[in-house]
2 protein chains.
Amino acid sequence: MAKKEKKFRPKARLPRGFRDQFAADVSLRLDMIDRIRTVYEHYGFDPLETSSIEYVEALGKFLPDEDRPMGGVFGFQDDDEQWVALRYDLTAPLARLVAEKYDSLAKPFRRYQVGPVWRNEKPGPGRFREFYQFDADTVGTPLMAADAELCVMVAETLATLGLGPDEFKVRVNNRKVLNGVLDAIGAAVDAEDSYVKRLTVLRAIDKLDRLGAGGVRDLLGKGRLDESGDYTDGAGLEPAQIDLVMGFVEAGGGGNAAVCARLAELVKDQSAGLDGVRELEQIAEFVEASGKANQPVEIDPSVVRGLEYYTGPVYEAELTFEVTNEKGQAVQFGSVAGGGRYDDLVSRFKGVQVPATGISIGVDRLLSALIARGALENFTHRGPVVVLVMDQDDIGRYQQMVSELRNAGVRAELYLGGSGMRAQLKYADKRNAPVVVIEGEDERAAAQVTLKDLILGAELSAEIETSEEWRKGQPAQVAVARGDLVAQVKEMLARHTPAGVS
Amino acid sequence: MAKKEKKFRPKARLPRGFRDQFAADVSLRLDMIDRIRTVYEHYGFDPLETSSIEYVEALGKFLPDEDRPMGGVFGFQDDDEQWVALRYDLTAPLARLVAEKYDSLAKPFRRYQVGPVWRNEKPGPGRFREFYQFDADTVGTPLMAADAELCVMVAETLATLGLGPDEFKVRVNNRKVLNGVLDAIGAAVDAEDSYVKRLTVLRAIDKLDRLGAGGVRDLLGKGRLDESGDYTDGAGLEPAQIDLVMGFVEAGGGGNAAVCARLAELVKDQSAGLDGVRELEQIAEFVEASGKANQPVEIDPSVVRGLEYYTGPVYEAELTFEVTNEKGQAVQFGSVAGGGRYDDLVSRFKGVQVPATGISIGVDRLLSALIARGALENFTHRGPVVVLVMDQDDIGRYQQMVSELRNAGVRAELYLGGSGMRAQLKYADKRNAPVVVIEGEDERAAAQVTLKDLILGAELSAEIETSEEWRKGQPAQVAVARGDLVAQVKEMLARHTPAGVS
């Protein structure tokens with residue numbers, strides 16, 4: 001039923017910055033997401049799924065570059081001429097939803113959402129234009145208990161995912177304290193040039209991890225020349241002002257109570273700043289009351305979080321262990337989740353303030369950290385038992401074996417290709433099969449099947465020097481009665497089942 | 001840190017045909033997807049995730065309207081001026097992936113993929129522009145074992161989801177048989193007008209369920225006037241030809257062997273048609289060998305499947321029970337999954353044929369069928385235990401209770417709003433909370449807490465006539481020692497745990 005022949009042959013490829021993911025990666029991510037989901041549900045958060053597509057104006061404010069309303073998103077015109085776009089994050093759609101359905105929501109509204117977001121940005125190594133985020137937000141309460149709960153929940157999540165208390169910390173700061181310090185150095189909120197100056201100061205502080213105190217000092221002052229010869233303009237602060245900012249940034253350490261006391265001292269009689277310190281104290285108390293004392297939630301004034309819309313506490317989860325990067329260098333893994341309070345986000349729709357706070361996990365980033373750490377070792381995706389087909393004309397016999405295995409709860413498949421024994425074994429290897437089942441003429445005559453333990457085989461062949469030695473023994477291969485097929489396969493599988501996998 | 005005031009206030013709303021989904025729906029879908037996933041993995045299928053966005057030319061061929069290359073999809077120009085689009089289904093991306101990564105795949109390649117697809121079509125009631133599909137495909141084998149496996153797997157999936165063997169069937173047909181019949185009536189494959197005639201015949205057959213044999217006869221002949229006064233042109237077949245087609249369409253029933261025999265008779269010496277009958281016989285044998293005799297996989301010549309690209313077996317899973325529609329009418333639910341063999345799909349990229357077969361579940365459709373059937377009753381999303389806050393100044397006490405509950409494995413949350421007792425209870429109701437915990441002044445003085453069993457309360461209040469009677473007893477409310485909080489809450493929850501929920 002072919003229509004007239006067309007010569008055009010499209011290239012089989014993906015647009016830049018997009019990717020396909022295969023079983024190993026997809027399975028690990030699913031496992032991880034499931035475990036995060038379990039913790040979040042446990043804390044009372046409910047799943048939500050907003051649509052992938054929103055009106056551009058509903059997303060607009062949160063784009064990185066406000067001068068290009070379409071910059072950063074994948075947008076297109078709907079048939080009613082209105083511009084719509086793929087969501088850029090999961091926060092803007094939440095703000096839209098809350099504004100739209102405010103009256104029908106149980107408030108405070110705790111929800112989590114996991115799914116892809118899309119960014120129309122230049123892709124790079126490990127930087128994709130479609131990636132997963134896992135967000136939790138509490139909307140409709142000004143209480144610091146909500147912020148503290150998110151911090152504790154993320155700490156518990158990382159612990160649940162197999163990280164020890166010395167392998168991560170959740171660092172908490174407060175924009176109000178930072179603003180108090182900025183007020184103190186005379187960068188008033190209202191004037192346009194102060195706004196730019198504040199942003200430059202925030203960006204400078206945000207680079208503490210990367211540039212150290214000296215680099216930040218340069219960026220707070222006249223500017224900084226980096227190794228590549230690029231010059232970055234500074235905020236132009238006076239030395240005394242720089243000292244004040246650095247005093248604030250370096251006020252961490254020695255326990256949450258000590259940090260709060262130091263901060264109170266720094267903001268002195270700035271009422272906004274003192275408010276912020278009080279909020280941090282409340283968070284510290286709630287963390288204490290959560291009974292998760294062993295989980296590191298720390299007040300740390302060097303936390304900035306890039307986005308402008310935060311209005312109170314900001315927090316981020318940081319992995320503190322080193323991993324080896326592509327260049328073979330040991331590097332700190334850094335931040336895998338971040339968030340904060342954004343009391344103004346809903347008001348752009350409704351005109352009224354709706355207090356809200358939330359945290360977002362970078363799913364792919366966290367996953368690669370866990371893989372690098374070996375934390376997911378027990379969750380390797382295991383292939384099916386493969387039943388080889390030694391006689392294509394009698395394929396029903398082999399199908400019968402597959403059915404027996406499946407009906408007994410064993411993941412199993414029939415080899416469905418047309419190749420010979422060697423290619424079939426290669427296929428089984430590629431499928432990560434733990435066991436293959438073989439019934440050739442000899443076996444059939446003896447009412448037997450041969451089982452090959454591919455996991456044991458791989459271990460042995462790694463140990464044994466010569467392939468001759470290996471062939472002699474064939475300890476990973478055994479002939480069993482046809483009637484014992486299921487029982488024997490199950491026994492073989494049980495030998496290799498890692499803890500945590502059923 | 002507000003920038004200069006902007007007056008513009010966007011409307012909080014979604015583009016037409018998109019939706020938000022809340023906890024109840026999302027949870028049920030997740031449960032259902034998990035269970036399908038488990039069956040598919042069990043059969044040896046591995047998860048795959050292709051990107052949401054593809055080059056339009058990679059999707060193009062499969063759009064419903066070939067004359068409008070952008071019709072039906074959400075497309076936009078990438079920054080290199082190339083047109084890209086959101087995937088329209090999960091089959092076209094699979095064909096692209098196979099063509100692109102052919103050499104590195106273990107073949108035959110069994111994969112499943114679940115995720116949203118997007119259609120830029122006119123939305124309607126229950127008809128969204130973003131919805132989930134769950135696809136399984138086997139690529140790289142011409143063996144009918146692959147098609148049969150998919151049919152058996154989908155039958156097992158529906159059984160796993162709680163449907164009985166008389167509540168659904170998987171119906172199988174073969175395009176080759178259909179083509180044999182069309183050849184027999186002289187609609188040759190090559191001529192352009194025959195192509196159109198074939199399509200008209202297929203579309204007519206596809207309406208058997210809706211219009212009955214008489215309606216199909218009209219559409220095969222001169223045409224049909226429907227109740228609304230619309231006239232549909234017919235295929236213009238002669239009466240003898242119509243008899244032949246109808247003989248084919250109505251050849252079902254009486255067991256797969258009998259149907260195959262009838263079909264062989266109908267296609268007579270048409271070699272393509274006989275090939276098709278032989279394939280159906282093989283599928284029937286494989287279904288038999290699968291040991292799932294109680295699951296209804298039936299050869300049924302009235303199955304067409306709309307899409308043009310099928311080249312061999314086609315199959316669909318149909319629910320046979322009646323549900324009540326919005327108008328209160330009892331209607332058959334109909335098809336929830338469909339697929340077939342499409343040996344030509346990869347060749348448009350590569351120029352070589354890659355045999356493939358696959359089935360797609362309409363996730364949202366199946367889910368609403370299961371909900372209508374009550375098959376997911378045991379998987380209702382349950383809210384968290386809510387600890388009320390009776391004294392805002394001492395919120396730490398209540399946080400402490402929440403922590404104890406959570407640490408003991410109970411889903412629990414602190415009420416984080418600022419409202420009084422009545423509003424807090426209303427919140428707990430809205431949250432679907434099974435239990436609320438109350439510690440007022442009296443309780444505190446007595447070192448007690450009050451537990452309210454909201455599930456029992458709802459049951460009782462449905463039974464009891466007057467609210468006075470209800471108030472007297474308060475059997476759903478109990479005061480327990482503060483120290484017994486966790487144990488008593490757990491006991492209360494255990495009373496209501498439905499089977500299958502932990």
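1. A salt bridge here is a side-chain nitrogen of Lys or Arg within 4 Å of a carboxyl oxygen of Asp or Glu. A:Arg96 forms one with B:Asp20, and the closest N and O atoms are 2.8 Å apart. A:Arg96 sits in helix H3 (residues 91-101) of chain A and B:Asp20 in the segment before helix H1 (23-42) of chain B, so this pair joins two chains. Helices (H or I, at least four residues) and strands (E, at least two) are DSSP runs, numbered from the N terminus.

2. On provenance: this is a predicted model, in which local features need pLDDT of at least 70 and side-chain atom pairs count only at pLDDT 80 or more, while totals for chains, interfaces and linings use all residues. Residues are numbered from 1 along each chain as its sequence is written, chains are lettered from A and ligands numbered from 1 in the order in which they are written, and side-chain values use heavy atoms, with hydrogens and water left out.

3. The interface. 112 residues of chain A are in contact with 112 residues of chain B; contact means heavy atoms within 4.5 Å. The area buried between the chains is about 9,900 Å², and carbon and sulfur atoms give 54% of it. Buried area is the accessible area (1.4 Å probe) that two parts lose on being put together, summed over both.

4. Polar links across the interface. Chain A and chain B share 16 salt bridges. One salt bridge pairs the side chains of B:Arg129 and A:Asp78, at 2.7 Å from N to O. There are also 52 residue pairs in polar contact between chain A and chain B, both residues at pLDDT 80 or more. A polar contact is a pair of N or O atoms within 3.5 Å; within protein, one must be able to donate a hydrogen and the other to accept it, and residues adjacent in sequence count only if both atoms are side-chain atoms. Helix H1 (residues 23-42) of chain A gives the most to the side of chain A that touches chain B, with 8 residues. Over all chains, the salt bridges come to 66.

5. Symmetry. A rotation of 180 degrees, with 0.0 Å of shift along its axis, superposes chain A on chain B at an RMSD of 0.1 Å. The two copies are thus related as by a two-fold rotation axis. In chain A, the C-alpha of A:Phe76 is nearest the axis, 2.9 Å from it. Both copies use the same surface: 100% of the contact residues of chain A recur in chain B. The superposition is by least squares on the C-alpha atoms of residues with pLDDT of at least 70 in both copies.

6. Strand pairing in chain A. Strands S11 (residues 313-324) and S12 (residues 330-341) run antiparallel, joined by 9 bridges. Strands pair if DSSP finds at least two bridges between them. A:Glu322 has A:Gln332 in S12(A) as its bridge partner. The hairpin of S11(A) and S12(A) has 5 residues between the strands, and A:Gly328 there takes a positive phi near 80 degrees. S12(A) also pairs with strand S13 (residues 356-362) of chain A, antiparallel, over 5 bridges. A:Gly338 stands opposite A:Ser360 in S13(A).

7. Backbone points to check. The peptide bond from A:Lys107 to A:Pro108 is cis, with omega near -5 degrees. A:Pro108 is in the loop between H3 and strand S5 (109-118) of chain A. A cis peptide bond also joins B:Lys107 and B:Pro108, with omega about -5 degrees. A:Asn432 is not a glycine, yet has a positive phi of about 65 degrees. A:Asn432 lies in the loop between helix H14 (421-430) and strand S16 (435-438) of chain A.
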